[in-house]
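Please look through the sequence and the model below before reading on.

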Amino acid sequence: MFHKKLLALIGGAMALTILSAQPVLAQDPGNDETSDRASGNVRGDRVLPGRMSDGARERRDRRNRDQEQAEAPPAATPEENKAAAQAVLTAAGVSCQVAEATLLGVTAEQHSTYEAVCAEGPGYLAVSSTPPQTFNCLELAGQAETSRLRDPEADVGQQCTLPVNLNPVPVLSAYARSAGIDCTVDQGAAIGKSTAGNLIYEIGCADRDGYWIENTEGAWRATPCWDLALEQESCRYSTAAETSGAWRTVLAGTDAAACDVQQARRVGRDAQGLTVYEVKCGEGGGYFARVGTDFKAQRVHNCIEAATIAGGCTLTAAAPATSEQ
């Protein structure tokens, strides 16, 4: 899986290599040392093999720390990290104007790994390998959420941690506006990829039905959760009440506006390219609704009128037509 690939690249090699110096204990040759060893006495910091005094251990540790600090490269500045992350993302062909970046570590192959916040859109993990590798923060978080739903103890690999990258709502709100959705986005996640390889996001709307959105060849396509429910697809950020209640918006302004939809099915498309649905009302009766790309019904037919359309109503038994009808 995607996060497994990332884990193999950077999961176990994030920590910088630390050079340690082995201590060398000074010894003064002489008869005193021989007599001390023979008697088992210890003078100063000299110890018997396998033993070390607390003072000697502290001095050794202090020498090691001093050596490590002397040998460690100077830490990069925020601006240097930002420039380096920008270079990796640009080389990888990712459209991102880096607003903030942090160095996460260096792999065993000496490839630097950065987390970047973009001025617009999701953030990324970027690895300065050849070729460079990048990982969408929203996609990583979505995969982690899906894995944890299956197994709360699942190993989800390296994740983005900068606060801006942990909040998907601003990014998904912008995507929703581009898709022509006017709801207030309050939740969302990347949930997988389409058969065409496009990343699919689910957005949750405040107090109403949500959507799946997908960018196809530069254009956003939105599918409401009420439509997905007809194919047994469940939206994790929309309740059953929000999904069933969405039909009121679909049927508003038509003769079926008062229909309390209890059941629905997709019938097909008509000659004008409108999607035809059958709905069953809670108080009996039903309709065929011809719905446009804006998910609003343009025309409706009761089940008597729809008797000759695509086999007629199947969710509701139509009453016999009167002579007037």
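A residue is called buried here when its relative accessible area is under 20%, exposed when that area is over 50%, and partly exposed in between. With this cut-off in hand, Asp 270, at 14% relative accessibility, counts as buried. Please keep in mind that this is a predicted model.

Which residues lie on each side of S11? On one side are Gly 286, Phe 288 and Arg 290, and on the other are Tyr 287, Ala 289 and Val 291, all of them buried, so that both faces of the strand are covered.

The partners of S11 come next. Strand S10, residues 275–281, pairs with S11 in the antiparallel sense over six bridges, and within this pairing Tyr 277 stands opposite Ala 289. The two strands form a hairpin with four residues between them, and in the turn Gly 284 has a positive phi of about 95 degrees. Strand S12, residues 297–302, also pairs with S11 in the antiparallel sense, here over five bridges, and Ala 289 stands opposite Val 300 in S12. S11 and S12 form a hairpin too, with five residues between them, and Phe 295 in that turn has a positive phi of about 65 degrees.

How many salt bridges does a search of the whole structure find? The search finds eight. In one of them, the side chains of Glu 278 and Arg 265 meet at 2.6 Å, taken from N to O. Glu 278 lies in strand S10 and Arg 265 in strand S9, residues 261–269, so the pair ties together parts that are 13 residues apart in sequence. Glu 278 counts as buried because its relative accessibility is 0%, whereas Arg 265, with a relative accessible area of 22%, is partly exposed.

Another salt bridge brings together the side chains of Asp 270 and Arg 299, at 3.9 Å from N to O. Asp 270 lies in the loop between S9 and S10, while Arg 299 lies in strand S12, and so this pair ties together parts that are 29 residues apart in sequence. Asp 270 is the residue already described as buried, and Arg 299 is partly exposed, with a relative accessible area of 35%. Elsewhere, salt bridges that share partners join Asp 227, Glu 231 and Arg 266 into one network.

The last stop is helix H5, residues 137–150. At 1.5 Å a residue, its 14 residues should span 20 Å, and the end C-alpha atoms are 20 Å apart, which agrees. At the start of this helix, a side-chain oxygen of Asn 136 reaches to within 2.7 Å of the backbone nitrogen of Leu 138. Several residues of H5 are buried, among them Cys 137, Leu 140 and Ala 144. Glu 145, at 27% relative accessibility, counts as partly exposed, and its side chain meets that of Arg 236 in a salt bridge of 3.2 Å, N to O. Because Glu 145 lies in helix H5 and Arg 236 in the loop between helix H7 and helix H8, the pair ties together parts that are 91 residues apart in sequence. Arg 236 likewise counts as partly exposed, at 34% relative accessibility.

Terms used. Residues are numbered from 1 along each chain as its sequence is written. This is a predicted model: local features need pLDDT of at least 70, side-chain atom pairs count only at pLDDT 80 or more; totals for chains, interfaces and linings use all residues. Side-chain values use heavy atoms; hydrogens and water are left out. Buried means under 20% relative accessible area, exposed over 50%, partly exposed in between (1.4 Å probe, protein chains only). Two strands pair if DSSP finds at least two bridges between them. The expected span of a helix is 1.5 Å times one less than its number of residues. A polar contact is a pair of N or O atoms within 3.5 Å; within protein, one must be able to donate a hydrogen and the other to accept it, and residues adjacent in sequence count only if both atoms are side-chain atoms. A salt bridge is a side-chain nitrogen of Lys or Arg within 4 Å of a carboxyl oxygen of Asp or Glu.
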